[in-house]
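Subject: Structure handover

Hello,

Here is the structure I promised to pass on. Please open it next to this email and follow along.

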Amino acid sequence: LHILQLVIGDMLAELPETHRLIVERRIAGYQADEISSEVARSKRTVERVLQEFRQKLSRLIDSN
């Protein structure tokens, strides 16, 4: 778990600020529509950012 937290932290540090906020809010339990309102982006954009993050994390985990 600790290693996963470190990996996610490193990945978050590489993201643009808005994308980082989107992922952090989702990890904290916010729903896509709530995040969308907070960051002033469409729900679809929020979902796309989250999907891209999940895919990148999955590829990173699968490569190890």
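In which helix is Val7 found? Val7 belongs to helix H1. Before going further: this is a predicted model, and everything below is computed from it.

**Val7 and helix H1**

H1 covers residues 2-14. Setting aside residues up to four places away in sequence, Val7 touches Leu57 and Leu60. Val46 is another matter. Val7 and Val46 are 39 residues apart in sequence, and their C-alpha atoms are 21 Å apart in space.

**The nonpolar core**

The largest nonpolar core has 14 residues. Five of its members touch the most other members: Leu12, Ile22, Val23, Val46 and Phe53. Which elements give two or more residues to this core? They are H1, helix H2 (17-27), H3 and helix H4 (43-62). H4 gives the most, with 5 residues. As background, nonpolar side chains tend to be buried together in soluble globular proteins.

Phe53 sits in H4. Is Phe53 buried or exposed? Its relative accessible area is 11%, so Phe53 is buried. Beyond its neighbours up to four places away in sequence, Phe53 touches Ile8, Met11, Leu12, Leu15 and Val23. Ile35 lies 18 residues from Phe53 along the chain, and the two C-alpha atoms are separated by 15 Å.

Val46 has its own set of partners. Leaving out neighbours within four places in sequence, Val46 is in contact with Ile22, Ala32, Ile35, Ser36 and Val39.

**How the helices cross**

Two packed helices are described by the angle between their axes and the distance between the axes. Two pairs follow.

Take H2 and H4. Their axes come within 10 Å and cross at roughly 80°. Angles of 65 to 115 degrees count as roughly perpendicular, so H2 and H4 fall in that class. From H2, the contact uses His19, Ile22, Val23 and Arg26. From H4, it uses Val46, Val49, Leu50 and Phe53. By class, the contact of H2 with H4 has 6 nonpolar, 1 polar and 1 charged residues.

Now H3 and H4. Here the axes come within 8 Å and cross at roughly 110°. That angle makes H3 roughly perpendicular to H4. Ala32, Asp33, Ile35, Ser36 and Val39 make the contact on the H3 side. Lys43, Val46 and Glu47 make it on the H4 side. By class, the contact of H3 with H4 has 4 nonpolar, 1 polar and 3 charged residues.

**Ser36 and the end of H3**

Ser36 lies in H3, which runs over residues 32-39. Why does Ser36 count as buried? Its relative accessible area is 12%, and buried means under 20%. What does the side chain of Ser36 reach? It reaches the backbone oxygen of Arg41, at 2.3 Å. Not counting residues up to four places away in sequence, Ser36 touches Arg41, Ser42, Lys43 and Val46.

**Two loop residues**

Ala40 lies in the loop between H3 and H4. Ala40 is not a glycine, yet it has a positive phi of about 55°. With a relative accessible area of 62%, Ala40 is exposed.

Gly29 has its place in the loop between H2 and H3. Gly29 is partly exposed, with a relative accessible area of 43%. From Gly29 to Gln55 the distance is 19 Å, C-alpha to C-alpha, and the two are 26 residues apart in sequence.

**In brief**

H4 gives the most residues to the core. H2 and H4 are roughly perpendicular, and so are H3 and H4. Ser36 is buried, whereas Ala40 is exposed.

Best wishes

Key:
Residues numbered from 1 in each chain as written. Predicted model: local features only at pLDDT ≥ 70, side-chain atom pairs only at ≥ 80, totals over all residues. Heavy atoms only, no water. Helix = DSSP H or I, 4+ residues; strand = E, 2+ residues; numbered from the N terminus. Buried < 20%, exposed > 50% of the residue type's maximum accessible area, 1.4 Å probe, protein only. Polar contact = N/O pair within 3.5 Å; in protein donor to acceptor, adjacent residues only side chain to side chain. Contact = heavy atoms within 4.5 Å. Core = buried A, V, L, I, M, F, W, Y, C linked by side-chain atoms within 4.5 Å. Axes fitted to C-alpha atoms, helices over the stretch in contact; angles between N-to-C directions. Parallel < 35°, antiparallel > 145°, perpendicular 65-115°, else oblique. Nonpolar A, V, L, I, M, F, W, Y, C, P; charged D, E, K, R; others polar.
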